[in-house]
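Please look through the sequence and the fold below before reading on.

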Amino acid sequence: LPVELMSIHAQLKEENTELTWKTATEINNKGFEIQRAVGDESNRDEWTNLGFVEGYNNSLIQRDYLFIAESPKTGLNYYRLKQNDFDGNFDYSKVIALDFKN
């Protein structure tokens with residue numbers, strides 16, 4: 001897909017998860033669906049949609065994104081981005097795991 005994802009990071013901020021990512025270029029980028037799954041590697045639940053961040057459609061410069069995922073579940077939380085194009089194509093980012101202990 002015509003989006004060059006440079007990085008994706010997740011960190012705990014107070015009671016929430018702060019997700020940040022950067023793109024180098026974007027062509028036809030509708031935006032990013034933020035998804036989470038909870039559990040360990042062998043017993044992970046289904047991916048759920050936490051929200052959507054609009055893309056810049058077409059951009060040849062670095063773009064920075066931020067999403068606050070509220071109320072992480074106790075234990076391992078996995079996050080990924082589903083990048084959506086305007087023509088219906090999509091791709092997933094790598095998966096990031098955070099251990100949230102209450």
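A residue is called buried when its relative accessible area is under 20%, exposed when that area is over 50%, and partly exposed in between. Asp99, at 36% relative accessibility, therefore counts as partly exposed, whereas Lys101, with a relative accessible area of 64%, is exposed. The side chains of these two residues, Lys101 and Asp99, meet in a salt bridge with an N to O distance of 3.2 Å.

This is a predicted model, and the count of salt bridges in it comes to two. The other pairing to examine joins the side chains of Asp64 and Lys22, with 3.0 Å from N to O. That pair links distant parts of the chain, since Asp64 lies in strand β4 and Lys22 in strand β2 (residues 16–38), 42 residues apart. Asp64 has a relative accessibility of 47% and so counts as partly exposed, and Lys22, at 31%, is likewise placed in the partly exposed class.

What, then, makes up the largest nonpolar core? It has 15 residues, and those with the most contacts inside it are Leu19, Trp21, Phe32, Ile34, Val53, Phe67 and Leu81. Strands β1 (3–13), β2, β4, β5 (75–85) and β7 each supply at least two residues of this core, and β2 gives the most, with four residues. As a general matter, nonpolar side chains tend to be buried together in soluble globular proteins.

Leaving aside residues up to four places away in sequence, Leu81 touches Leu5, Ile8, Trp21, Phe32, Glu33, Ile34, Asp91, Tyr92 and Ser93. Among these neighbours, Trp21, Phe32 and Ile34 are also listed with Leu81 as residues with the most contacts inside the core.

Phe90, which is found in strand β6 (residues 90–92), has a relative accessibility of 42% and therefore counts as partly exposed. Phe90 and Asn29 are 61 residues apart in sequence, while their C-alpha atoms are 9.5 Å apart in space.

The mean pLDDT of the protein is 92, and 98% of its residues reach 70 or more.

Methods
Residues numbered from 1 in each chain as written. Predicted model: local features only at pLDDT ≥ 70, side-chain atom pairs only at ≥ 80, totals over all residues. Heavy atoms only, no water. pLDDT = per-residue confidence, 0-100. Salt bridge = Lys/Arg side-chain N within 4 Å of Asp/Glu carboxyl O. Buried < 20%, exposed > 50% of the residue type's maximum accessible area, 1.4 Å probe, protein only. Core = buried A, V, L, I, M, F, W, Y, C linked by side-chain atoms within 4.5 Å. Contact = heavy atoms within 4.5 Å.
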